[in-house]
2 protein chains.
Amino acid sequence: MSEAIAIIATCDTKGEEALYLKQRIESYDMDGLVVDTGILGQPVFVEPDVTRNELAEYSGFTIKDLVEAGSRGAAVEKMRDCVHAYVKKLYEEDKISGLIAIGGAEGSVIARAAMDALPLGVPKIAVSTIASGKHLFSDLIGYNDATVMHSVIDILGINTISRTVFNNAVGAIVGMAKVKSEASDKKVKSIGISMLGTTTKPIMGVIKPELEKRGYEVLTFHANGTGGDCMDTLADEGFFAGVLDFSTNEMVANNLGGLHVAKPARMEAALEKGVPTVVAPDAANILVLSAEEALLSKYDGRQKYYHNPNITLVDTTGEELKIIAATFAEKLNKAQGRVKFLYPKWGFCSQDKEGLALWNPDGNPVFLAELKKTCGRISPSSKSKPTSMMMNLPWSHLRSCWM
Amino acid sequence: MSEAIAIIATCDTKGEEALYLKQRIESYDMDGLVVDTGILGQPVFVEPDVTRNELAEYSGFTIKDLVEAGSRGAAVEKMRDCVHAYVKKLYEEDKISGLIAIGGAEGSVIARAAMDALPLGVPKIAVSTIASGKHLFSDLIGYNDATVMHSVIDILGINTISRTVFNNAVGAIVGMAKVKSEASDKKVKSIGISMLGTTTKPIMGVIKPELEKRGYEVLTFHANGTGGDCMDTLADEGFFAGVLDFSTNEMVANNLGGLHVAKPARMEAALEKGVPTVVAPDAANILVLSAEEALLSKYDGRQKYYHNPNITLVDTTGEELKIIAATFAEKLNKAQGRVKFLYPKWGFCSQDKEGLALWNPDGNPVFLAELKKTCGRISPSSKSKPTSMMMNLPWSHLRSCWM
């Protein structure tokens, strides 16, 4: 394993700090590999190990392309993609065992792209001026185990504050890198499951113990617009032996809005990697909205359920269900391996039941018909044993679903 | 120096994880001091080193007081204050040299309070489920060098993901703690300065070199609602030999709204600690608003300046200036040591000049009159050499201001 830490910095403005980090890392008998993500200027203080030209060229650009991208934002976006690709390459070629990134607002765009490129467990830390106040975590942290330290002051040279912060940040990244080289390889087989309230009972009460009995580890992901993407990120890294993508309200939010918006490619990683997968439409026939949004006039006359002070659940229309079903179909059609679809005939979510707030006996068959029509992997004549309500799913039904 | 790391966790639900962290820390020949921040239940898996009863009692409560606080939120708030006080005590008594906190949404409230209690340079890391997506950094990070790692999955036992994340988090905190014990004590004398656009030129061009010539280190803080609070936090920790609190638009935002809202106690730390301070009202006669907010009808007819696509500067009225001046006076009256007020007679900000967008020749004297009236430390007959525009401040004027 490599004993080098990549240092991600714009060396035209933060060369002094990059050099300081390199020297600190070297004081632990490790190497610091300076990657210059500056766009406009020549590096100062430090001789980068990876120049901005090399970064750009690896992605098929020249630095001139970036400078002339049209706007500062467009240039930073191009550099972001270049850094992501190059850090991935460095890791895959075993040139680095972790990274430290420094920066302000634009540096954070680059820092996130760099950290996104390293799999779970590979140390990654950003020291950032914007890691405070009303800035969003998504500015710096994606769907993996990224770490962020607040710089306290602007990154403008080495002084008593920045020295203290940088010394600790290097201590942290080196401390993590030394763990990494002790860690044993993963041996247990893991099953990833997307979960929300409705699916908690069958997953924790039935599926988890059954899978554990068979020697699997069960890892659940709270599918609220971040958890699903975290699961997908790990699926893409080859982490799972199987995936139960049950709680898929993110498909609704991605199409129609709501609180659980995820990445457009949600659900696809396991399917495209050929990981055995069961997909179900838990909560895929409702909108999960903020209390305020649920009051908009366009939702007048719909069935609603007040979940808690922040969240109101709202019914979907037949037209909306067709759109949602087509999205499921589009993703299922990408499957490279074994995949099953579990149709919860007696209700998609806990309130979708006769007498309860979100019963939708007319809508669910519309979803089903559209899915059969658009999903090439389901025969139009497919029959499955009637699957119970999602929340009462028995173990046997997992084996009787389609495809 | 202590060789113990505090482990902050609700041991009724996360006792297994707390025990795991303790064992990992011990594997580095350090101690893990488990602080149980659970409210409702008995600890599981682990025997806390500091019980929830001890936490509550140190702040004059019983756990029963917390349980019966009236709501979950109220109970967590009380526990937050108890944890803050206890962690401060542990550090001051040299019982810990850093901390690691774990938690979800409510755990993050506690984690931030714990990390807020440790001064700059003392290692602090939280492993959190909410360090992603649309959550705000302020949920976990205050005004110091706090560090946050995304947990990727819910904290529900030890599995291949949580083990990887926790191993790295312990590697990071131990790595930081070992830096700390190497670090030499601070020797240089530092001057903290609040800065925004207008003050950049006099500070960087005149004041910084003059102070450096005299052996001081100059540390500037971007006073946009976070930087000012960071400077105050360090002033409270005794970090500065002097403070130039020049860019004080946060006083306007705290009273009248805008983008630069800071803590209510903004500016007071240095004054109350008796740190020699010069206060100036840079940008304290304008509202710094979002482009949308500046369009509200209540600002019709005012002078405006389009700073950039996100920020519009809007003039203040005489009544508003009285409110702002009274706030300055209230804070200046708390001064325990030497303090001067610098009145930029020829303009509070770069646009406050004849012919420019925010010239306010009638308003500024209203500010001055109110300040003289309400600030006990300024004699009503005080005269100072006419101080130039804020942005053209010469070095000599720093010595000729009032008080």
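This is a predicted model: local features need pLDDT of at least 70, side-chain atom pairs count only at pLDDT 80 or more; totals for chains, interfaces and linings use all residues.
1. **Domain layout.** Chain A splits into two domains. Domain 1 runs over 4-182 and domain 2 over 189-400. Their C-alpha centres are 37 Å apart.

2. **Domain contact.** On the domain 1 side of chain A, 4 residues make contact. On the domain 2 side of chain A, 8 residues do. Together the two domains of chain A bury about 500 Å². Carbon and sulfur atoms account for 70% of that area.

3. **Who carries the domain 1 side.** Three residues lose the most area to domain 2 of chain A: A:Pro119, A:Leu120 and A:Tyr143. They make up 91% of what the domain 1 side buries.

4. The rule finds 0 salt bridges between domain 1 and domain 2 of chain A. It does find 2 residue pairs in polar contact across that interface, both residues of each pair at pLDDT 80 or more. By class, the side of domain 1 of chain A that touches domain 2 has 4 nonpolar residues, no polar ones and no charged ones.

5. **The contact between the chains.** Chain A brings 55 residues to the contact, and chain B brings 55 residues. About 4200 Å² is buried between chain A and chain B. Carbon and sulfur atoms give 66% of this area.

6. **Leading residues in chain A.** Which three residues supply more of the area that chain A buries against chain B than any other three? They are A:Phe137, A:Thr160 and A:Asn168. Their share is 17%.

7. **Polar links between the chains.** The salt-bridge count between chain A and chain B is 0. Polar contacts are present: the rule finds 13 residue pairs across this interface, with both residues at pLDDT 80 or more.

8. **Largest nonpolar core.** This core has 90 residues. Those with the most contacts inside it are A:Ile161, A:Phe221, B:Ile161 and B:Phe221.

9. **Around B:Phe221.** Leaving aside residues up to four places away in sequence, B:Phe221 touches A:Val152, A:Ile153 and A:Ile161 from chain A. In chain B, the residues that B:Phe221 touches include B:Ile193, B:Met195, B:Cys230, B:Met231, B:Leu234 and B:Phe240. B:Gly192, B:Ser194 and B:Gly227 are also touched by B:Phe221.

10. **A separate core.** Another core, of 72 residues, lies apart from the largest one. Among its residues are A:Ile39, A:Ala56, B:Ile141 and B:Val148.

Methods. Residues are numbered from 1 along each chain as its sequence is written. Chains are lettered from A and ligands numbered from 1 in the order in which they are written. Side-chain values use heavy atoms; hydrogens and water are left out. Domain bounds come from an automatic or database domain assignment. Contact means heavy atoms within 4.5 Å. Buried area is the accessible area (1.4 Å probe) that two parts lose on being put together, summed over both. A salt bridge is a side-chain nitrogen of Lys or Arg within 4 Å of a carboxyl oxygen of Asp or Glu. A polar contact is a pair of N or O atoms within 3.5 Å; within protein, one must be able to donate a hydrogen and the other to accept it, and residues adjacent in sequence count only if both atoms are side-chain atoms. Ala, Val, Leu, Ile, Met, Phe, Trp, Tyr, Cys and Pro count as nonpolar, Asp, Glu, Lys and Arg as charged, and the others, Gly among them, as polar. A nonpolar core is a set of buried Ala, Val, Leu, Ile, Met, Phe, Trp, Tyr and Cys residues joined through side-chain atoms within 4.5 Å. Buried means under 20% relative accessible area, exposed over 50%, partly exposed in between (1.4 Å probe, protein chains only).
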